[in-house]
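Please keep the sequence and the structure in view while reading.

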Amino acid sequence: MLYREALNMAIDEMMAKDENVVILGEDVGRYGGSYRVTEGLVAKYGEKRVIDTPIAELSIVGNAVGMAMGGLRPIAEIMTANFSLLAFDQIINHMAKLRYMSAGKITLAMVVRMPGGVSRQLAAQHSESYEQMLSAVPGLIVFAASDVNYAYHALKKAILMDDPVIFLEHELLYNKEGEVNFDEDLDPFKARVVKEGDGITIVSYLKMVDDVMEAVGEIEDGLKTSVEVIDLCSLNPIDFKTLSSSIKKTGRLVVVEEDHKTGGYGASIVSFASEELFYELDAPPLRIASKDVPIPYNRRLELEVIPTPRKIAKRVMEWGVENGL
Amino acid sequence: MNKLLAEEIYYYMVLGREFEYAAKEHYMKGNISGFLHLDIGQEALSVASMKAFDKGDVFTTYREHVMAIARGMDPKVVMAELFGKVTGVSRGKGGSMHLFDPSRFFYGGDAIVGGQIPNAVGCAYARRYQGKEDGVMVVFGDGATNGGAFFESLNIASAWKLPIIFLCENNRYAIGTEITRVSPFLEQSRKAKPYMPSFVIDGMDALEVYEAVSKAKEHVLNGHGPIFIEAMTCRYEGHSMSDAGDYRSPQEMRICKEKDPVKRLEKTLLDRFSSQETLLESLRNRAVKAVEEAVEFAANSEEPDLSELYRDLFCKECGNVVS
């Protein structure tokens, strides 16, 4: 099954179960969704539940908040995370805060889905995902789906939750193949150990998990050690338990993210390790992130900005050697 | 409009005004902090609109104490919220600008200018979807009509023929900036004209507000889509307690106060409805007493415990995971 098909199936199942679940966004209906995630849903559930909106992100999220206040369980689709900036007032000031400001009188059972990240030569205004900003907002739950199984289960759980969830997808993952374990009762808040190892912990999320996995063989051969790869899955709250036990085991931490380095999401992970696990560490933590420039259009320049499997392997090996591995 | 209802509106207007004077007093005494936006001068609009639109969902701004009380919220829990006490309607975590009571279909209490309008539009969508007929009313000031949220909402409400009343309180000032300096015209309903029926009313006249909102409600309930009311009004105080409001001349304020909505309704009650002066006096006394009790309740209530800090951030099952 493809990643986008898993998302589609999750939405489809939840819509079939509960008529309060509606989906709204630009081109989600007749067009079938910009990345075909909502394909076929309008034929099944009609235009009252699969709602084509104008290109007005503030209203897509703002209306979803109002629908949730009125008792529906809306899923808002933002075409790309870059456009979510137009909705940030609604996401931060309304979606995240209404429950708290009303002392729990307002419940917002809603999900805002958005793909982001560097795809291929989409240039500066179509290549970001803002996980650092979205995860810094108390009141929001932020999930990041890097694989097919998690995408399916976590989206279903997100739709079932009585809290507002930001569901991050990645544009290059939509056609990724994978299996769904339908019998699993997945905890979407729990980080996923993608590969076990005891020499280095590499923490990542979204598409970078795949890039890390591609680099792992070279790193293990080069440094003669084994690597544990952790997919964070839930960016807020963070599963510190899984992180701690891995870092305690390996004593070495690398964080790989597509985010820009300054103020980037990975800083929170390194900060946690430095504050809480300083004496468990055998080496200074390493962050591999995008360079601090807007994403350029030219392919050569674009690849220079973001982490790639080759660059990840090279940097981790240099760091390993510097630190006595 | 019958006599009994007019008298009820009068009572809530006096109650609202007394409440706001008490809030002002306790702000100056230091019992209330932060931003406090008083509704004095606009009571006809706040009370009569709520009484006319008595069943549907209401979304409004941070200048909402009087509306909340007119909607049936106890002045005690409203005042306690202003005092930041745990007995407040939002347990002291919302404050003056964030009063909510979904059991009375009152959805705040929003302090982002124009931010509540898209929420109201979404709720109107939900109500039609659920087959509930009462519709939604969204209240906002003239200042909100210059922002994108407002225009997006007019467009969507109109495109989807949603059951929603847009009620614009035009008091002519966006904090200290007179509307005609930042908008090409004084009457903001002109912006709604291409999208929906719209009309201008005298927001200082409680009976006119009541009739207009009743008419608008009928329009919405009959499935005719959105409608826009612009009520011209006047706030006597500054934008908030931190604004003296001295950008308006004494002459302008004098003209304003000549239209005082409370006195005006009082005169109508005596002249047109033959209300008894003794009854009106007892209503005034009742209002004063209710406010005294509200202040006493707020003053004697407890501060929120520090354990309140993480409460209500997430629903229970998620909250457990998060903490």
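Predicted model: local features only at pLDDT ≥ 70, side-chain atom pairs only at ≥ 80, totals over all residues.

**Helix 6 of chain B**

- Helix 6 of chain B covers residues 148–159 and contains 12 residues.
- From its first C-alpha to its last, helix 6 of chain B reaches 16 Å, close to the 16 Å expected at 1.5 Å a residue.
- Its buried residues are B:Ala149, B:Phe150, B:Glu152, B:Ser153, B:Leu154, B:Ile156 and B:Ala157.
- The cover over these buried residues includes an element of the other chain, helix 3 of chain A.
- Helix 5 (116–130) and strand 4 (164–170) of chain B are also included in that cover.

- B:Leu162 lies in the loop that runs between helix 6 and strand 4 of chain B.
- B:Leu162 counts as buried because it has 25 C-beta neighbours inside 10 Å, and the cut-off for a buried residue is 20 or more.
- Leaving aside residues up to four places away in sequence, B:Leu162 touches B:Val121, B:Ala124, B:Tyr125, B:Arg128, B:Ala157, B:Gly225 and B:Pro226.
- B:Leu162 and B:Cys123 are 39 residues apart in sequence, and their C-alpha atoms are 9.6 Å apart in space.

**Helix 3 of chain A against helix 6 of chain B**

- Helix 3 (residues 57–69) of chain A crosses helix 6 of chain B at roughly 75°, and the two axes come within 10 Å.
- The two helices are therefore roughly perpendicular to each other, as angles of 65 to 115 degrees are classed in that way.
- Chain A contributes A:Leu58, A:Ser59, A:Gly62 and A:Asn63 to this contact, while B:Gly148, B:Ala149, B:Glu152, B:Ser153 and B:Ile156 come from helix 6 of chain B.
- By class, the residues of this contact divide into 3 nonpolar, 5 polar and 1 charged.

**The contact between chains A and B as a whole**

- The contact takes 36 residues from chain A and 37 residues from chain B.
- On the side of chain B that touches chain A, strand 2 (106–110), helix 5, helix 6 and helix 12 (316–322) each supply at least two residues.
- Helix 5 of chain B gives the largest share of that side, 11 residues.
- The side of chain B that touches chain A has 19 nonpolar, 11 polar and 7 charged residues.

**Helix 1 against helix 11 within chain B**

- Helix 1 (residues 3–28) and helix 11 (residues 277–300) of chain B pack at an angle of about 40°, and their axes are 9 Å apart.
- The crossing of helix 1 of chain B past helix 11 of chain B is right-handed.
- Residues of helix 1 of chain B in this contact include B:Tyr10, B:Val14 and B:Phe19, and those of helix 11 of chain B include B:Leu283, B:Ala287 and B:Val291.
- The residues of this contact divide into 14 nonpolar, 1 polar and 4 charged.

**Backbone geometry**

- Most residues other than glycine have a negative phi, and most peptide bonds are trans.
- A:Ala103, which is not a glycine, has a positive phi of about 55°.
- A:Ala103 is in the loop between helix 5 (98–101) and strand 4 (111–116) of chain A, and it counts as buried with 22 C-beta neighbours inside 10 Å.
- B:Arg172 also has a positive phi in a residue other than glycine, near 75°.
- B:Arg172 is in the loop between strand 4 and strand 5 (173–174) of chain B, and it counts as partly exposed with 19 C-beta neighbours inside 10 Å.
- The peptide bond from A:Asn236 to A:Pro237 is cis, with omega near 0°; A:Pro237 is in the loop between strand 10 (234–236) and helix 9 (240–250) of chain A.
- A cis peptide bond also joins B:Gly108 to B:Gly109, with omega near 20°, and B:Gly109 is in strand 2 of chain B.

Technical notes:
Residues numbered from 1 in each chain as written. Chains lettered and ligands numbered in written order. Axes fitted to C-alpha atoms, helices over the stretch in contact; angles between N-to-C directions. Helix = DSSP H or I, 4+ residues; strand = E, 2+ residues; numbered from the N terminus. Left-handed = near helix turned anticlockwise from the far one by under 90°. Contact = placed C-beta atoms within 7 Å. Nonpolar A, V, L, I, M, F, W, Y, C, P; charged D, E, K, R; others polar. Parallel < 35°, antiparallel > 145°, perpendicular 65-115°, else oblique. Expected span 1.5 Å × (residues − 1). Buried ≥ 20, exposed ≤ 12 C-beta atoms within 10 Å, placed from the backbone.
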